[in-house]
Amino acid sequence: MDRFQEMLIFLAVAEEEGFAAAARRLNISPPSVTRAIAAMEERIGTQLLSRTTRSLHLSEAGQRYLEDCRRILGEVEEAEEAAAGSYSIPCGHLTVTASVLFGELFVAPILVDYLDRFPSVYLNALLVDRVVNMADEGIDVAIRIGHLHESGLHGIKVGEVRQVICGAPAYFERHGRPQHPAELSDANIVMSSASHLLSDWQFVHDGNALGFRYDPRLVVTSNAAAINIACLGWGITRVLSYQVAGHVEAGELEVVLQAFEPPALPIQVVYPKSNRVPAKVRTFVDFLSERLAMDPALKAVVKARS
């Protein structure tokens, strides 16, 4: 079997964490996958995968080989794209990542418009509430909320978000509007654990951090669930301003304690630094950045309905 094909199989087994799942992904038979991995291990002279009846894990040598396979296969794909003219014409597969709610609200509509404009590009959107390692997971473009810490990435700022405390007007009419974060200790708090930005409630006053520990009565793993519960008037939640911009404008939610909010966080369109950026990445970054920068919901100010 061709060594590049073996590398593709090994990569699929490692990412899918199973032989059968890798076979389905590659549309080949499970015995073919088993034979390919066995041939690789015999030729290399070391065990790449540790197998049990219930699980499969990479050995130390397998982890190093996986990184090399990703690099080699990526270079081959880049060479083929260059030969096909992809550095001048947008074409091929493009993978973008964003958080779940941001992706659903803002990115998804832009994706379909981009595909209509560039019919030779195929998009894969990875919407997850975690910071994705772009190199390890083959990501071309990411939308990040917060400051960049990786030196190998280039970011374009397209907006800002605030960490806001909000609740339904009906809740505040029953319990009063808090004037200081200390008053939240007696509130019905519904907290989202999807992001540390929402589960770690930080406040500032006169440039100094205020430390408070709250005992939420309800914890959910979905930002959307926390927002829906707050809209019902049960309690108070902390979210990012873009997530509730529509609810605030419609009068369904009200933001409180604005004077104690930490500084706004940048929204950035991120892609790896490179001397040669493929046309599919360059055009998508430009298209996405322009559209997001125009959206009023991604400004630091959340306007209530007049």
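Start by selecting Ile37, which lies in helix α3. Helices here are DSSP runs of H or I with at least four residues, strands are runs of E with at least two, and both are numbered from the N terminus. This is a predicted model, where local features need pLDDT of at least 70 and side-chain atom pairs count only at pLDDT 80 or more, while totals for chains, interfaces and linings use all residues. To find your way, count residues from 1 along each chain as its sequence is written, and note that side-chain values use heavy atoms, with hydrogens and water left out.

Is Ile37 buried or exposed? Ile37 is buried, with a relative accessible area of 0%. (Buried means under 20% relative accessible area, exposed over 50%, and partly exposed in between, using a 1.4 Å probe and protein chains only.) Now show what surrounds Ile37: leaving aside neighbours within four places in sequence, Ile37 is in contact with Ile9, Phe10, Val13, Phe19, Leu49 and Arg51. Contact means heavy atoms within 4.5 Å. Pick out Val13 from that group: Val13 and Ile37 are 24 residues apart in sequence, and their C-alpha atoms are 8.9 Å apart in space.

Next, select the whole of α3, residues 30-44. Try the distance tool on its end C-alpha atoms: they are 21 Å apart, which agrees with the 21 Å that 15 residues should span at 1.5 Å a residue. The expected span is 1.5 Å times one less than the number of residues. Colour the buried residues of α3, namely Ser32, Val33, Ala36, Ile37, Met40 and Glu41. They sit on the same side of α3, because they cover an arc of only 165 degrees around the axis.

Step back to the loop between α2 (19-26) and α3, and click Asn27. Asn27 has a phi near 60 degrees, a positive value in a residue other than glycine. Why point that out? Because most residues other than glycine have a negative phi. Asn27 also counts as exposed, at 72% relative accessibility.

Hop over to strand β7, residues 163-167. All five of its five residues are buried, so β7 is largely enclosed by the rest of the structure. Both faces are covered: Gln163, Ile165 and Gly167 are on one side, with Val164 and Cys166 on the other. Which strands does β7 pair with? One is β12 (residues 237-240), in the antiparallel sense over four bridges, and another is β13 (residues 254-256), also antiparallel, over three bridges. Two strands pair if DSSP finds at least two bridges between them. Look for Gln163 opposite Leu240 in β12, then for Cys166 with its bridge partner Val255 in β13.

Last stop: Arg144, in strand β5 (residues 141-145). Arg144 is buried, with a relative accessible area of 11%. Not counting residues up to four places away in sequence, Arg144 touches several others, including Glu150, Leu153, Pro266 and Val270.

How values were computed: Arc of directions from axis to C-beta.
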